[in-house]
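Colleague: Please take a close look at one part of this model, the cavities. Keep it brisk, and give the cut-offs as you go.

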Amino acid sequence: MGFGDELLGTGFARGAKARGKRIAFGDGKRIIWNHLSEQIFKGNPNIAPPGSENDRDIEWHPFCRGNRIYNRQVGDRWEWNYSFRPILGEVFFTPDEIEFGKRHGSGFVVIEPNMQVKGFGPNKQWTVDRYDAVANKLASEGHRIRQFYYGAGHRLAAAEQIKTPSFRHAARILKNAALYIGPEGGLHHASAAVGIPAVVLFGGFIPPGVTGYGTHTNLAAPGTPCGSLSACEHCKAAMASISVGDVMDAARAFLSGAKSDIVAA
Ligand SMILES: [Zn+2]
């Protein structure tokens, strides 16, 4: 997966510096980062970069590229590790990113209607017509809707599109949002990391107990999540079982302050 995995890493590293440590993600000999690690770990005092393997303040953590702990590939599917629990991550923003966020205001609802990962991606996709219905209803109730635009996928008619130079910039804008609505993935982990509520569409692929946060409302279908790495009819039906009304109820609860058990990051 993408940014979500790196954000999970920041949760595991939380507080390390205060204990005089930095977390080395790797196999005990080598710090193993992927192509997204540098972007997400930038400015994070709790995480040791490759090259610091022999420093005295290193504490090894096995969560790294090729070993995400929450899952394990068995044949054509992922088997979930039900004892895995995420910790709220954190992003250390630069002054430029903070300024960029300010320019986009606050109090809006961010909706991500696209899940453009190949293979299992369709299993995490709630249909775009339902996302449109939610966006339209929230807009008619007076909420401003925003969507991150990256040149592909479905565009919500009710949303203002925001183009960001990087995922970090998107995360900073998200920090000023009242709510995120979208699939289990990078932006749901980012919402947790920046301390905003979210309505997360889990469907039938991945268990909310494994990668979901208690600060969010996680919508899943009953039954055992399949983890199928290719597009699956069961997941399609699981997503279809989540109605526009389910998402609206969860969204309204957050927006009205009824569900307010949010921990600020
Ligand atoms: Zn399935």
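**The cavity and its lining**

Modeller: Six nonpolar, three polar and four charged residues line the largest cavity. Ala, Val, Leu, Ile, Met, Phe, Trp, Tyr, Cys and Pro count as nonpolar; Asp, Glu, Lys and Arg as charged; the others, Gly among them, as polar. The model is predicted: local features need pLDDT of at least 70, side-chain atom pairs count only at pLDDT 80 or more, and totals for chains, interfaces and linings use all residues. Residues are numbered from 1 along each chain as its sequence is written, and side-chain values use heavy atoms, without hydrogens and water.

One cavity of 30 Å³ or more is present in the structure. A cavity is a set of points, on a 1 Å grid over the protein atoms alone, where a 1.4 Å probe fits but cannot get out. The volume of the largest cavity is about 60 Å³, taken as the space filled by probe spheres set on points joined across faces, edges and corners.

Its lining holds 13 residues, each with an atom within 4 Å of a point. Nearest the centre of the largest cavity lie E6, I32, S37, C64 and R68. Helices here are DSSP runs (H or I, at least four residues), numbered from the N terminus. The biggest share comes from α1, with three residues.

Notes
On a 1 Å grid over the protein atoms alone, a cavity is a set of points where a 1.4 Å probe fits but cannot get out, and a pocket is an open set with protein on both sides within 12 Å along at least five of seven lines; lining residues have an atom within 4 Å of a point. Helices (H or I, at least four residues) and strands (E, at least two) are DSSP runs, numbered from the N terminus.
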